[in-house]
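Work through the two exercises below with the sequence and the model open. Each task is followed by its solution.

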Number of protein chains: 2
Amino acid sequence: MRDMLGREDAVSVAEAQRRMAEKTVFRELPRFSLPLEDSYGRVLAQDVFSPENLPSFARSTVDGFAVSSSDTFGASESIPAYLDVVNEVFMGKEADFALKKGSAARMPTGGMLPAGADAVVMLEHVQSVNDLLIEVLKPVAPGENVISVGEDIKKGELMLGKGHLLRAQDVAALAGVGLTEATVFGKPAVSIISTGDEIVRPGQPLLPGQVRDINSFNLAGLVLENGGVPVRKGIFKDDYDEIRGVVAASVTDSQLVIITGGSSVGTMDMTAKIIRDLGSPGVLFHGVTLKPGKPTIGGVVNGVPLFGLPGHPAAVTVCFDLFVEPVLRILSGLEGKEYMRRRTVKARMAKNVSSGIGKEEHLRVAVEERTGELWAVPILGKSGLIRTLVRADGTVAIPAQARGIEEGEVIEVRLF
Amino acid sequence: MRDMLGREDAVSVAEAQRRMAEKTVFRELPRFSLPLEDSYGRVLAQDVFSPENLPSFARSTVDGFAVSSSDTFGASESIPAYLDVVNEVFMGKEADFALKKGSAARMPTGGMLPAGADAVVMLEHVQSVNDLLIEVLKPVAPGENVISVGEDIKKGELMLGKGHLLRAQDVAALAGVGLTEATVFGKPAVSIISTGDEIVRPGQPLLPGQVRDINSFNLAGLVLENGGVPVRKGIFKDDYDEIRGVVAASVTDSQLVIITGGSSVGTMDMTAKIIRDLGSPGVLFHGVTLKPGKPTIGGVVNGVPLFGLPGHPAAVTVCFDLFVEPVLRILSGLEGKEYMRRRTVKARMAKNVSSGIGKEEHLRVAVEERTGELWAVPILGKSGLIRTLVRADGTVAIPAQARGIEEGEVIEVRLF
């Protein structure tokens, strides 16, 4: 539905997200090689195939004796298998001998299996007759207590795919197969444009009627946490030409543009007009059935996603989480599971909270431990107050069709 | 209980954690000032009191008319209150006039309330008679639609305490009260010492019987993720004097020391002996009823915590999460809620998994979405394989007293 000015009704959160996801396309970012030490948290820009087998030799997983398993078949405490101890394997050294039938070699955990051996008997299942003879009290199967060549990672195998986020263990695996660098994507640049005649740069004296720029610092931190590079473009007057100029430049020099400013209808309408005037497809939604964050605007111009966020700090945080973050994920080149990024705890609601039908409400809550249980305590206060975010540990969503949450109900807190 | 060599029985995970927490003391790290832009994710080194009121003037939260609320008492659609429009407030400008009884001034959202006004009537509750006269259709209470001076943050108020982790919104709040820098703690240095005769530096050719250093890359990433500075001290032979030398140096030049190496009893015993020989109180536990990670050692020497971790990659990850991370939190100067760091999802177990009574088992699992529900699929394989960690999204703990988890049971996955 559209009103007299041609404006569409507010859409649901899911519909707004769907529209942005549909029109946001990952455009390959520059790729470069980083030493493994500097590659943690980066996104792989190409598939990685292992250049070697891990391990490159058959390794023992226990302290014991390398044997030919067939020599131990049928062995028991009453009728042990007798084997000659003919050699010893040392850690990090080649087992440069071949084991003959009926013989065994001492093995450390991690040692190299000699030729002729296909299993290792654990020390606990061996009795020493003398230095040169052992009794094996329990049979071993072929391959028992052994990691075979390439059992961990095979030479030529696809280890990690393009778009994979490099976690600690992924970098460790790359090191394990002899790599020293990773080819990763650059991080998407996110332009942050603060607007408002009343907004003052940090460090400037504050005159009556003026306030300091809060939102660009909040947004820059959220961008950093989510793998982007924040580019704070500065503070711009509520003037069509001035804002249009910086938005037009940002669409060409960054992968994502966030405009934050007043919550008044006039300011948001101007932002929407600029996005519409700059190119196609322009505004994808203007207004969401969401509290806080109703006047949010989302759009795409020449393949670059843009958001107009209302100026209230709590709205900025909620809208970033719901709308900007999923788009930033796509732009980062990440291929992965969305739910992997969640940081949540279950908690009981500490108070009855009511909510209007028809809009999704995101409450700020502090999480407190009381007698071994976690409780979510709503932080009340206008969404224009930064203190409500500072006091809060996370948010609780009340779905659009719910009338509220009852005290004691178990809910999920999305942690900051 | 102690065995013949004077070694104590393995202790529970909780007991091992308790002993480390008891003896680990936060020793003040160097503090320094960082520009706000660079302070995200850092730990505040001092309490911050606000240097000014936020906002510094009474602000309107809506578009409308500033009024004296008493002029609107009793107003209704049938009997509106008539007010003279005498002035207009502009964004970012001082409201340099005083409102007389019976009059009103146009207000933008965020505008400064003039003297004489104590509330704002929303545009929606006003009818314009002409440019100079309005009908107010609904009364406003004193303070309605207004954020008062200091309502967000009061001058002199404790905004953020020493030990607080600076999140996006916290940095934004500091900017909001006119600060441009934050005094933060340096990050604790964590020495990572790889041991083993078979371990080879990255980039070196691999001879038969040798393997590459995997664990120091895994540990360095985990240290980074948890706010420490990893210092990879290199690879050392399984030799008492050599390892003792680097451990002794690390105890003086870092806040935390991790020694990782073979899982053989001999290697772990040597690590324990070094910790014991270096100072007091020495080894606090050696052996935990945990799988993987049974041979783990924890100790403190001259106030510096040390860990000896078994060489299996999965054991390294599990032991870091259970033992090293809580200690690193203390050493970082963080004052906060432990559960805030959790990244978990609920999922259903995809398979029956059995577990021995008497030890806590940590399974690696992949999380998969199937028909709208999350399922945890166990990644089987020896704990010596790095691939099990690469394929996994997180871990599921089976308590020491449980016999396992049944298929379909809802469990909590601790995400990597």
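Predicted model: local features only at pLDDT ≥ 70, side-chain atom pairs only at ≥ 80, totals over all residues.

Residues are numbered from 1 along each chain as its sequence is written, while chains are lettered from A and ligands numbered from 1 in the order in which they are written.

**Exercise 1.** Determine which rotation and shift superpose chain B on chain A, and describe the side of chain B that touches chain A.

Step 1. Superpose by least squares on the C-alpha atoms of residues with pLDDT of at least 70 in both copies. A rotation of 180° with 0.0 Å of shift along its axis brings chain B onto chain A, with RMSD 0.1 Å. That is the relation of a two-fold axis.

Step 2. Within chain B, the C-alpha nearest the axis belongs to Arg343(B), 2.1 Å from it.

Step 3. Count contacts (C-beta atoms, placed from the backbone, within 7 Å). Contacts join 80 residues of chain B to 80 residues of chain A.

Step 4. Sort the chain B side by class: 39 nonpolar, 22 polar and 19 charged. Here Ala, Val, Leu, Ile, Met, Phe, Trp, Tyr, Cys and Pro count as nonpolar, Asp, Glu, Lys and Arg as charged, and the others, Gly among them, as polar.

**Exercise 2.** Find the handedness of the crossing of H4(B) and H5(B).

Step 1. H4 (residues 240–253) and H5 (residues 265–278) of chain B are DSSP runs (H or I, at least four residues).

Technical notes. Axes fitted to C-alpha atoms, helices over the stretch in contact; angles between N-to-C directions. Helix = DSSP H or I, 4+ residues; strand = E, 2+ residues; numbered from the N terminus. Left-handed = near helix turned anticlockwise from the far one by under 90°. Contact = placed C-beta atoms within 7 Å.
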